[in-house]
Amino acid sequence: MSPRAAASRWRVLVLLGTAFFMTILDGTSLLTALPAIEREFRAHGTAVQWAVTAYALAFAGLLLLCGRAADLLGRRRVFLAGMSLRVLASLGCGFAPTVEALVAARALQGVSAAIIAPAALSMVMNAFAEGSERNRALGIWGGIGGFGATAGLLLGGLITDTLGWQWVFWINVPVGVVVLVLAPVMLIESRDEVRVRSFDLAGALTVTSALVLFVYAITGVPDVGWSSHRILGPLAGAMALTGLFVVIERRSKAPLVPFGVLRSRSLVGGDLLLLVTGMAVDGMLIVLTAHAQSVLGWSPVRFGLTAGVMTVAAVVGALVCQRVVTRIGVRPVATVGTALLGGACLLLTRVVSEHSSPELLTFALLVFGAGMGTATVCAQIAAFTGVAERHSGLAAGLADTCFAVGTALGVAIAGSVVAAHAPTSGIAAPQTLVPGHQAAFGVVGLVAALGLVIALAMLGKRSAPVTKETAAPPVDRIVTDRIPT
């Protein structure tokens, strides 16, 4: 490999990582801007909350479809379409004259994120050969995700206070324009050339509808509980559509999801671990955010700074993880990562109270961050091991979908536990909320324990050998050849 080719490959990772960072940053920075948006439009909190829900529904519902579309239509072409939509949707969010317009623009942002994420990740997979090089790239990718999530909590508050909430969205525009200018020059086009160019419309409609219904139902659990018809109806519809999707895919000549891909134990185990990790991460964060605001009375800036230690630990965990996995395999490292997640949650059950010790809380976040970075990167490495290039978009879409659905489930489960322990009448005093927060942290710890079981049972000790079918293309071709679209 020439030095020029190696340098170009890492520049590609920087470009795609920048796009990925902005999608993560935008998703979390909005949370701190919601109060300002409520004041601007004089709207009820529930109406403004739909700006978050609409994004989540579009994002989680379309990830699988967009990942497969990247394989069939061309990964660079799909990525550029997603970035173009991202720029337009971000402008629409900032200039939205009403709450309804903001919600619609946020839904378009969710669509753009669903297009960008699997296309970018599949191009990263194909740019780095399976093994130590891809592990290193995925470690950096995981670090970018962890840093972007927490940076959004901090930067969202600072941007809102200094420039106004509109700039939470407008900051995407110049970055998106730069990516759109550089991407056609730096990225090559790639697609599944061996497949028949037919589109599984029935499969696409059923799986997307099932995911949207599922996420819609789950997002309402903390407010109305699991037994409400508002939850049970959409869940039943999602299950019925999932069953129909399986029937359609088995009969389709060109299925959206070729079930042969799911025969990979490593892929399925990695995706399940991503699901559980997403549940643990967002389940813990939603409870911690509520505890910091309601019990400790922290400002968004102080909370963002404190959560920053978790980000640093996550980045370090991701970077160290990829090195260790290359030497000893995925299973032992994933086991350590999930054990750290569970241990941190159990520690949080002891330290959170109306008189929480900042030092112990910081230590628990350090442990959790290290586990988050380690478990996420291990799961991604496992989910992409042995995946042929022509299925890379599908594999990326499956991985992103599992993590997105996991985050929604984690918030629903943790939120319902907190609600079950909340006082039934009157204004809740801070100390009365502590038992619910402790119970929720305990439940999240049990979720992490499930991840430990998955790591031990389904992840191989070492990566599968690279074959001609699964290997990435030669690096010199990846970074120098550009196929016209």
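## Surface and overall fold

The protein chain exposes about 19700 Å², of which carbon and sulfur atoms supply 68% (accessible areas come from the Shrake-Rupley method with a 1.4 Å probe). This is a predicted model, in which local features need pLDDT of at least 70 and side-chain atom pairs count only at pLDDT 80 or more, while totals for chains, interfaces and linings use all residues. Residues are numbered from 1 along each chain as its sequence is written, and side-chain values use heavy atoms, with hydrogens and water left out.

The protein chain has 17 helices and 0 strands, where helices (H or I, at least four residues) and strands (E, at least two) are DSSP runs numbered from the N terminus. Of its 485 residues, 55% are buried, meaning under 20% relative accessible area with a 1.4 Å probe and protein chains only.

## A buried leucine in a loop

L256 lies in the loop between α10 and α11, and because its relative accessibility is 2%, L256 counts as buried. Beyond its neighbours within four places in sequence, L256 is in contact with several residues, including L65, R68, F245 and L394 (contact means heavy atoms within 4.5 Å). D200 is also one of the residues in contact with L256; the two are 56 residues apart along the chain, yet their C-alpha atoms are separated by 5.6 Å.

Methods. Buried means under 20% relative accessible area, exposed over 50%, partly exposed in between (1.4 Å probe, protein chains only).
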